[in-house]
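Here is a short briefing on one protein model, written for someone meeting structures like this for the first time. Keep the picture in view as you read, and look up each residue as it comes along.

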Amino acid sequence: MPFKIKFQFLLLILISISFTGYGQETFKGITTGKIGNTNFSQIVAKELRNPPPKMYKDLPEEKEEDIEINNRVDLANVVPFSGKLTMLQTPQPTSVQEFPCNNFRALDDDGSSSPPDVNGAVGFNHLMATLNTQIRIQNKQGTIFTTASLAGFWNGLGGHTDIFDPKITYDPYDKRWIFVCCASRKSTNSALLLAVSETPDPNLGWTTYTIDADPADKLWFDYPSLGFNRNWITVGGYLFKIPGVTGAADTVSRSRVWVLNKAVIYAGNPNISVTYFDRTDYFHISPAITYDANNNTQWLISKFNNNFNNNGFLKLFTITGTQSAPVFTVGSSVNVGGAWAGTGPGGPQLGSANTLDLGDDRMLQSTFRGSTLWVGSNIFLPATTPTTCAAQVVAINTTNNTTIETIRTTGDANTMQAYPSITVNANSDIFFGYSTFRNNTYPAATISYRRNNGQGFFFYHYKAGEDWYVNLNSTSGLNRWGDYSATFVDPEDDMSAWTIQEYSRPRFGGNSFWGTWWAKICPGSCTNDFALSAPYNNVMRKYEANNTITSTAQLQSNSFIKYDAGTKITLSPGFKALLGNSFQAYIEGCGGIR
């Protein structure tokens, strides 16, 4: 039988918060973890000798309407919306567009899972894609180092065959990868799986932990979200009732936040004690990725009310205290502007009347930088009888708990965007990736970008869909897509960013397939004049200049270079682009990606 650690369930009432019209409590518990280990290179070698069987996973969807949480608002603290509302007019794609910095294939559908639950992260020298099917490590030029099955990665823990919902990030301050998954859905074996790399190289050793999701064996864990700060690794998620389990309060579905002492985990301590906090009045509490080496506060966020007096509200939370004794606090509700619906129509596509499932409005990727918390989610518009889905990003000033800006894509029944992810670089430039759905194109991967001092967003449908996608869930009948994506700043320069998004691949044998694709966004910097003289081999780069570009370079092998010049472009004698290579020169001014 699978090994399972049993322990006494400790339940303490920490905080009782009284709101106008309702009251709730925060519950604290302590659990322990079982340690294992993983070496990526060894996994790959083993699976090359003995390929694992592919078991198709038709993943169920746990939507917000399935749980008993009513819209409400703290009436004593309602404030009017005072932030900036930005509506993004996304362009109509007319053809496949080359991405101006770098882009290449991540992982393709191997036919064993729907949806892929797209996720990935970037380190100093590596990219790591994590899907429900497989894991892949590449360098930043797209060279594949290792590919292994998701289940194979967690074999060192044993006892779990149903592993899903991967989330990964990179801690640039301690130079470690952090990776979590759910295991054993709808079962008393339900667990949170945690792994941290032992070095900055993900190809080498990892320390892994399995953490019992519910010591009382009444609830199972779904839909993790991952964050960290100076002190803690923090995981948010939702616990649903295990089918057939009966009882009283301990069977109430709830949001749970696990808080792990980062120093203890990074040290590989085999005897970890994990603090968790429960709230039964929020569907999903999402912790933020914290880009601050010295910040002692972990920020978290949840939807609070999507439609109160024609406004939408989010709820802030914090974790403070010491590394070994964290304190969870429910904070303010924040007015983020116009109301929306929690669920709505599916995304349209060319070639099929079957729309794509766009999930619900739970919080997706969150980023904290400076004093601003950025969070992305789907929203459905209008708030009553919605006809479209939009991708929304909200920037919240955590010093006064007000909205700085709410950014929304625009569309209608024929144009939708969903599953956004958000990151911000050291210059406060915004990077915003998501899927695009249109009735006259196939599902595509999109990235938006705005300089901190810029006036508008630039768009690239950087990987166009290649066919229509239909893979109906055997239980719900939904045509699953997502359930999320990932966008992270590159720690190598803290300026450029990477996104991994889903798109539709060509159908084969009557079956549809998804694919995932990496793209790098390079803000660049403006200079007076720029001269390029050395030959370039196997590169894809973008350069910007304010006045004049002079070049005598040769583009060799598989090169693609773009020049953005403010005044004029001079190609000196001797310049040439060898057969099969590309050179684009245009005058648009120094303004970023076009």
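In strand β36, the bridge partner of Phe 508 is Asn 511. This is a predicted model, in which local features need pLDDT of at least 70 and side-chain atom pairs count only at pLDDT 80 or more, while totals for chains, interfaces and linings use all residues. Residues are numbered from 1 along each chain as its sequence is written, and side-chain values use heavy atoms, with hydrogens and water left out.

**The hairpin and its sheet**

- Strand β35 (residues 497-508) and β36 run antiparallel and are joined by 10 bridges; strands are DSSP runs of E with at least two residues, helices are runs of H or I with at least four, and both are numbered from the N terminus.
- β35 and β36 form a hairpin with 2 residues between them, and in the turn Gly 509 has a positive phi of about 60 degrees.
- Both belong to an open sheet of 4 strands, ordered β5-β36-β35-β34, with antiparallel pairing; two strands pair if DSSP finds at least two bridges between them.
- β5 (102-108) and β34 (486-489) stand at the edges with a single partner strand each, so one side of each has no neighbour in the sheet.
- From one strand to the next, the twist averages 30 degrees; axes are lines fitted to C-alpha atoms (for helices, over the stretch in contact), and angles between N-to-C directions run from 0 to 180 degrees.
- On the other pairing of β36 (residues 511-521), 5 bridges join this strand to β5, and the two run antiparallel.
- Two examples of bridge partners in β36 are Trp 517 for Arg 105 and Lys 520 for Asn 102.
- Strands of a sheet pair through backbone hydrogen bonds, either parallel or antiparallel.
- Why is β36 largely enclosed by the rest of the structure? 10 of its 11 residues are buried, so the rest of the structure largely encloses this strand; buried means under 20% relative accessible area, exposed over 50%, and partly exposed in between, with a 1.4 Å probe and protein chains only.

**The whole protein**

- The protein has 3 helices and 45 strands.
- Of its 594 residues, 60% are buried.
- Among contacts with a separation of 6 or more, 60% join residues 24 or more positions apart; a contact means heavy atoms within 4.5 Å.

**Nonpolar cores**

- The largest nonpolar core has 79 residues; such a core is a set of buried Ala, Val, Leu, Ile, Met, Phe, Trp, Tyr and Cys residues joined through side-chain atoms within 4.5 Å.
- Strand β12 (residues 176-183) gives the most to this core, with 7 residues.
- Apart from it lies another core, of 17 residues, among them Val 334, Leu 373, Ile 379 and Ala 390.
- Leu 358 is one of the residues with the most contacts inside the largest core; beyond its neighbours within four places in sequence, its contacts include Pro 345, Phe 380, Met 416 and Phe 437.
- In soluble globular proteins, nonpolar side chains tend to be buried together.

**A buried arginine**

- Arg 369 is found in strand β26 (residues 363-369).
- Is Arg 369 buried or exposed? Arg 369 is buried, with a relative accessible area of 14%.
- Its side chain makes a polar contact with the side chain of Asp 494, at 2.4 Å; a polar contact is a pair of N or O atoms within 3.5 Å, where within protein one must be able to donate a hydrogen and the other to accept it, and residues adjacent in sequence count only if both atoms are side-chain atoms.
- Beyond its neighbours within four places in sequence, Arg 369 is also in contact with residues including Tyr 291, Val 424 and Val 489.

**Backbone details to look up**

- The peptide bond from Ser 114 to Pro 115 is cis, with omega near 0 degrees, and Pro 115 is in the loop between β6 (113-114) and β7 (119-122).
- The peptide bond from Gly 482 to Asp 483 is cis too, with omega near 5 degrees; Asp 483 is in the loop between β33 (458-463) and β34.
- Asp 165 is not a glycine, yet has a positive phi of about 55 degrees; this residue is in strand β11 and is buried, with a relative accessible area of 4%.
- Lys 186 has a positive phi near 55 degrees; Lys 186 lies in the loop between β12 and β13 (191-197) and is partly exposed, with a relative accessible area of 39%.
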